[in-house]
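Keep the 3D view open as you read.

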Amino acid sequence: MTVTTQPKPTSAMPDTAIYERRESAVRSYARAMPRQFNRAEGVWMHDNQGGRYLDFLSGCSTLNYGHNHPVLKAALVDYIAGDGITHGLDLHTDAKADFLATLEDVILRPRGLDYRAMFTGPTGTNAVEAAIKLARKITGRELVIAFTNGFHGMTLGALACTGNAAKRGGAGVPLSHVAHEPYDGYHGPNVDTADLLERRLSDPSSGLDAPAAILVETVQGEGGLNAASPQWLRRIAEIARRHGALMIVDDIQAGCGRTGNFFSFEGMGFTPDIVTMAKSLSGMGLPFALTLFRPELDQWAPGEHNGTFRGNNHAFVTATAALRHFWGDAQFEQDIARRGTLLERRLDAMAAEHGLSTRGRGMMRGIDVGSGEVAQTITAACFAQGLIIETSGAHDEIVKVLAPLVIEDAVLSAGLDILEESIRSALTVTYGVAAE
């Protein structure tokens, strides 16, 4: 079978009158990618005018296994056809039991992990809210330490832990009880920011209160694909333990294989107290968020924290199918490692050509093009050629590759060819104009 490697975009704009008339102005992705999409499979999205687009966004890492993967789709269709429970609050269901047993057998036990699973509301911010609320309950403290350029969600508790000023500005109320400390490398390669944090916490006159939790992304998804070193993360875990705080790893975007392993912290020499997950957890883009924590931290009273849509049985079904199909042996991780190396080499070559730099880890990588304006020019040029790709970073200066993890090598290379051409064209125009 011949593998289709090239997109085939349409040039005509769709009729957007209904969106302009009825949908809130808060919409964003549709402005940069003005087409009306009607179906998708694998790594491809199709618009209602017959156009085909290569997806290097994957729903911001919500579709790590691609669109409508046949194994996951078949499991869901069979479940629906059998009148399986759709919504069950936190009642016991076959779908939930299968998911928990599979999580235990396929993910937790092989990695030597012992976590309780808390089903929260349907999205990542709900998992973060539950995590920081639990940490405060257990420690009796209020302060959470988060990091510069971190992104953890848009509800008030998670938003307080988020660094981005534009996102924080939408809150309308003070965002308090969080200290934003410098992430690994924030002050450059010669400043140990873990040492700075230790000094601040150990100094009774620093003004930094004893924290309930330290919340960190191993790779900052929205903050610019900054990747913390294993040494720095181990030090943060030690600092949390020494000062009586719980360490929370936000694996919402970096987990489910995006950085190479199921959990982004695997092999780094530490075990978080709490892990938050969402996005690709369901495998098919169905809403599903999870907060994992050490069993002794399970101190909730029944109903003390809940959410109506924490019992999404359709998501349990597809998540179970994804764990069994992709994580039952080492093959998928090996595929991710190979594609991650391919991606790294290609991006490094693009960066070297223009004197730029790259960011990220595994299949969560990008290239720093210097400004948000240049990055927007590049992503627009990519979209015109049928490549869906977005930006990241404090100034949207990182062109961010989040291709599905199941993408064929040849298709990945074809998409990177489009990116390479778009970068070369944008930088030639930018620097050519500047030189004049």
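## A salt bridge between the domains

Across the interface of domain 1 and domain 2, the rule finds one salt bridge. A heads-up before we go on: this is a predicted model. In a salt bridge at glutamate 222 and lysine 400, the closest N and O atoms are 2.9 Å apart.

Polar contacts join in too: 23 residue pairs are in polar contact between domain 1 and domain 2, counting pairs with both residues at pLDDT 80 or more.

## Who does the touching in domain 1?

Which elements give two or more residues to the side of domain 1 that touches domain 2? They are the helices α3 (58–61) and α12 (331–354), plus the strands β11 (357–361), β12 (364–368) and β15 (398–401). Of these, α3 gives the most, with four residues.

Sort that side of domain 1 by class and you get 14 nonpolar, 13 polar and five charged residues.

## The two domains and their interface

Let's zoom out. Domain 1 takes in residues 16–69 + 330–432, while domain 2 covers 84–328. Going by C-alpha atoms, 25 Å separate the centres of the two domains. At the interface, 32 residues of domain 1 are in contact with 34 residues of domain 2.

The size of an interface is often given as the accessible area lost when the parts come together. Here, the area buried between domain 1 and domain 2 is about 2,600 Å², and carbon and sulfur atoms give 51% of it.

## A four-stranded sheet

Next, look for an open sheet of four strands, in the order β1-β2-β3-β13, with mixed pairing. Why is one side of β1 (37–41) and of β13 (387–388) left without a neighbour in the sheet? These strands stand at the edges and each has a single partner strand, so there is no neighbour on one side.

Elsewhere in the sheet, β2 (residues 44–47) and β3 (residues 52–55) run antiparallel and are joined by three bridges. Histidine 46 stands opposite arginine 52 in β3.

## Salt bridges in the whole structure

How many salt bridges does the structure hold? It holds 23. One to look up is formed by the side chains of aspartate 298 and arginine 116, at 2.8 Å from N to O. This pair links distant parts of the chain, 182 residues apart: aspartate 298 is in the loop between β10 (290–293) and α11 (313–327), and arginine 116 is in strand β4 (residues 116–119).

Methods:
Residues are numbered from 1 along each chain as its sequence is written. This is a predicted model: local features need pLDDT of at least 70, side-chain atom pairs count only at pLDDT 80 or more; totals for chains, interfaces and linings use all residues. Side-chain values use heavy atoms; hydrogens and water are left out. Domain bounds come from an automatic or database domain assignment. Contact means heavy atoms within 4.5 Å. Buried area is the accessible area (1.4 Å probe) that two parts lose on being put together, summed over both. A salt bridge is a side-chain nitrogen of Lys or Arg within 4 Å of a carboxyl oxygen of Asp or Glu. A polar contact is a pair of N or O atoms within 3.5 Å; within protein, one must be able to donate a hydrogen and the other to accept it, and residues adjacent in sequence count only if both atoms are side-chain atoms. Ala, Val, Leu, Ile, Met, Phe, Trp, Tyr, Cys and Pro count as nonpolar, Asp, Glu, Lys and Arg as charged, and the others, Gly among them, as polar. Two strands pair if DSSP finds at least two bridges between them.
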